Amino acid sequence: MQRFTELVVAAVLLAGLYATMAYGLGLIYGVLRVVNLNHGGIIMAGAYIGWLLHEKFGIDPYLSIPVVVAVSFVLGIAIYRGLVRHLPRGPAGAVQSLLLLFGVWLVLRNAAYLLFTGNDQTIRTEYSTRSLAAFGLAVSVNRVAVFGIAVLTLVVLHLFLTRTFTGKAIRAVAQNADSCTLVGVDVERIYSLTFGIGTALAGLAGLLGASLFSFNPSYGSGDLLKSFVIVVLGGLGSVMGTAVAALILALVEVFAILALPAYLTGAVGFVLLVLVLVLRPGGLFGQRVLG
Amino acid sequence: MTVILRAENLSKRFGGLKAVDAVELELNDGEILGVIGPNGAGKTTLFSMIAGSIPPTTGRVLLEGNVISGGSPRRAVRAGVVRTHQIVRPFQNLTVLENVMVGAIYGKARPLGARERALEVLDFCSLRDRAPQLPGGLTLAGRKRLELARALATEPRVLLLDEVIAGVNPAEALHMADLIRSVREKRGLSIILIEHVMPAVMRLSDRVIVLDAGKKIAEGKPQQVVKDSRVIAAYLGESASAAASAQPGPAGSPTPTSGAAPASLPTPPANPTPASIPKKGPGGHQ
Amino acid sequence: MKLLPHWVSRPALVALLAALVVGAVLPKVLGLSVYSQNQVTETFLFVAAALAWNWMGGYLGQVSFGHSAMFGLGGFISARLLLALHLPFWLAWIVGGLVAAAYALVWGHPTLRLRGPYFSIATIGVGEATRLVMTYWEDLTGGSSGLSLPITPGLKSELYWWALALMALVIAASYSLRKSTFGLGLLAIKSDVDAAADVGISPTLMQDIVLLLSGFTVGVCGAFYASYQNFIEPGDMFGFDRSISFVLMAVIGGVGTIIGPALGAVVFVMLRQYLIGSYPQLYLGIYGLLLIVVILFEPLGMMGLFFRIARRFGLMRPEVEATLEAKAAVGGGAADPGARQGGAP
């Protein structure tokens, strides 16, 4: 029982991180109909920026959140404006943007490899190993902090999308871009803003992940797939759906450790992905668009 | 007259919504049957079930006594039932001829002589001179004829036409109406026609059924159907007809039904008649 | 008497036969060194693999990032057969190919109902999951230390002609898969799955057939590669880089064209040789840059350039050129990329 509770708590804490990174991917797909195959690249970049700030300037990873978010936001907008925008819309563009963003990911990976070598890195702070004790459970401080920040981010994002004018415009564009153009919404601006927000979330997730796990230039490729599983499972753009789906994936992963040999746990996410895509391509909660 | 196609108790439920509700339908050999109804009445869903692209929740469709529903579109096409789409969907990366050849080859799994058969159908639909072009270069009317040609190439017995007239200019609408008639006269097909352009439905159809909210609410000769009070209510909205019947008119006024009945049914505003929007250029639909 | 189907053009047939003859006498005429001849053999092999990838990625518009799964499986199955049963190598290749094809069908049949990006991401999952499992499945793959195959004297130079034959067969298959009536059905599916189904095509069946053929061919290529290398290990055979290399060859040459991926494979093999020699640190990034540049400026790759030149100098009638280009391009169907075939809304 003790073990069971521990695993559930671990899964819940992990789910916050998963939901953050998945929401970034889902937002971009929901609004632009582009799968950001470079999602993993941005996650990796976020991790390295946090690591660099900590190694070189001794900045605490949680204090470098604004920097990481800003950098990945700008990076996303640059990728959108410089590259993605020039592709045709529709199915042809969908395949082309996939290949293009894949190319960007390869470039980022190579850049990270040149700058930081292929060795595994970790961000180690004095509280890295500290844990909280509550209800007879020991929980890592870091994991609780990551969970808190993730939840806070999702709440803020939800409020932004439902309460502000720009947020409502983003949701409207997701529903029907043509009508938005007719009523005077600058759709191009919304597209680039959305792409930026999506990558900012990826960067944040990368930084948060880096405070929990070790990483190297290929870091993020597993997260891309996990994000995709969650988006497909949770439906597009629904914060609640994303959160529940993230929890499901985290639970499956955590409990798979009990049932499977260690090397196979990495494959669990992929198997779940294929199962979900085949059984529930509309998501557990049906197709919903941002809200 | 012999019944060629029969739908029995056909229903489709999407979650809580009953898109089509226990519809019975018979199509006689050589008949043109019009299906009308307001937007969202379930017309296209009905077509999709007859053409095999979605399975019915209840009921079945029989072509000359053989069940064709609930399988795949291929089963329906092999049996002899084929549909066109309201929003034209030509194969953009194939030439006009190749588009029709796909129908000729795969409709009855007969690759031999497909090219010749496709050319004959293109001739029939006045598209022969467009054969080597890509469909992107056709006008909307041209693409609608291509959609029809591709369906005809599968050599069906029953043709399901989903709004092949709406959206084209009046001259082209007339041309399409003539084409539909000659499909029946010269090729001996039976046709079910969904159409929003009322005058066209009235002129073309031998018989009309009316759907509203998934249910069949009327059936009969076009002239009779337009006078049916339930049909008028469906088109003008419940409130309009309720208001009309609740109105304490002067003594001796005609019954609400006949009094409110317009000479012909109004066309739903979402689907303007060709007359009201005379020009919908070549790129009307994407 | 008609010996050939109507869709076979005589010039194309003559060109293929001529290329075959040139290829066959090339080593003798040029007096190629062992090293160069091996380079050419490897190029032939990857031409075949790239074309087989293109049947999925180009002919159906289903971009796979997981073809290394079949390449690796074909390689290890055939290697095990050679080691354990001492089968003749060509027989081992065929069995390897068949196992790879069966595996492709196992994961592909369900996932092929997905279109576009959904399918592609599923293939990333398939590729990675396969790599993980295979890396630890020591009984089959020998784990991270890999497998060594017995070196048969003279085999390497003999393999040149086998590779040539394999490539010629695959080119002929590529041509047939585009030009035949079956190919017309594939183009229809790529353009609009639902509309294709509505005129009597069974997209599931046809996509499964293409996947089987593609998986088989890539499996045979993997098996060939295993005999040619004498040593294989799962990280290389099943690696993500392997999958990417197929994608890149096709993209560089021209996804969706008949012969583009073959040209792309030639360029890719030379490029990789050069990059690994001169810039081993940079090759991944350069692949990425290539993808970006090609997609941005010439989505049909080298064939796109060729079309451009043909248009400029009037080498081809414009409408012929336009229809060729349209067939290569990903369809313009209205369907949502994530939509399933024939499913309810």
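I began with chain C, where the side chains of Glu321(C) and Arg311(C) meet in a salt bridge at 3.3 Å, N to O. Glu321(C) sits in helix α16 (residues 318-328) and Arg311(C) in helix α15 (residues 301-312), so this pair ties together parts 10 residues apart in sequence. I looked up accessibility too: Glu321(C) counts as buried at 3%, while Arg311(C) counts as partly exposed at 45%. A reminder to myself: this is a predicted model.

Next I searched the whole structure and got 26 salt bridges over all chains.

Asp178(B) forms a salt bridge with Arg181(B), with the closest N and O atoms 3.3 Å apart. The two are three residues apart in helix α6 (residues 170-187), so about one helical turn separates them. Asp178(B) is partly exposed at 45% relative accessible area, and Arg181(B) is partly exposed at 29%. Arg184(B) bridges to Glu185(B), the closest N and O atoms being 3.1 Å apart. Here Arg184(B) counts as buried at 17%, whereas Glu185(B) is exposed at 54%.

Last, I traced a sheet in chain B. Four strands form an open, antiparallel sheet in the order β2-β1-β4-β5. β2 (17-28) and β5 (66-67) stand at the edges with a single partner strand each, so one side of each has no neighbour in the sheet. I found β4 (residues 58-63) and β5(B) paired over two bridges, and Leu63(B) has Asn66(B) as its bridge partner. Helix α1 (residues 43-50) packs on this sheet, touching β1, β2 and β4 of chain B, and its direction makes about 120° with that of β1(B).

Technical notes
Residues are numbered from 1 along each chain as its sequence is written. Chains are lettered from A and ligands numbered from 1 in the order in which they are written. This is a predicted model: local features need pLDDT of at least 70, side-chain atom pairs count only at pLDDT 80 or more; totals for chains, interfaces and linings use all residues. Side-chain values use heavy atoms; hydrogens and water are left out. Two strands pair if DSSP finds at least two bridges between them. Contact means heavy atoms within 4.5 Å. Axes are lines fitted to C-alpha atoms, for helices over the stretch in contact, and angles run from 0 to 180 degrees between N-to-C directions. A salt bridge is a side-chain nitrogen of Lys or Arg within 4 Å of a carboxyl oxygen of Asp or Glu. Buried means under 20% relative accessible area, exposed over 50%, partly exposed in between (1.4 Å probe, protein chains only).
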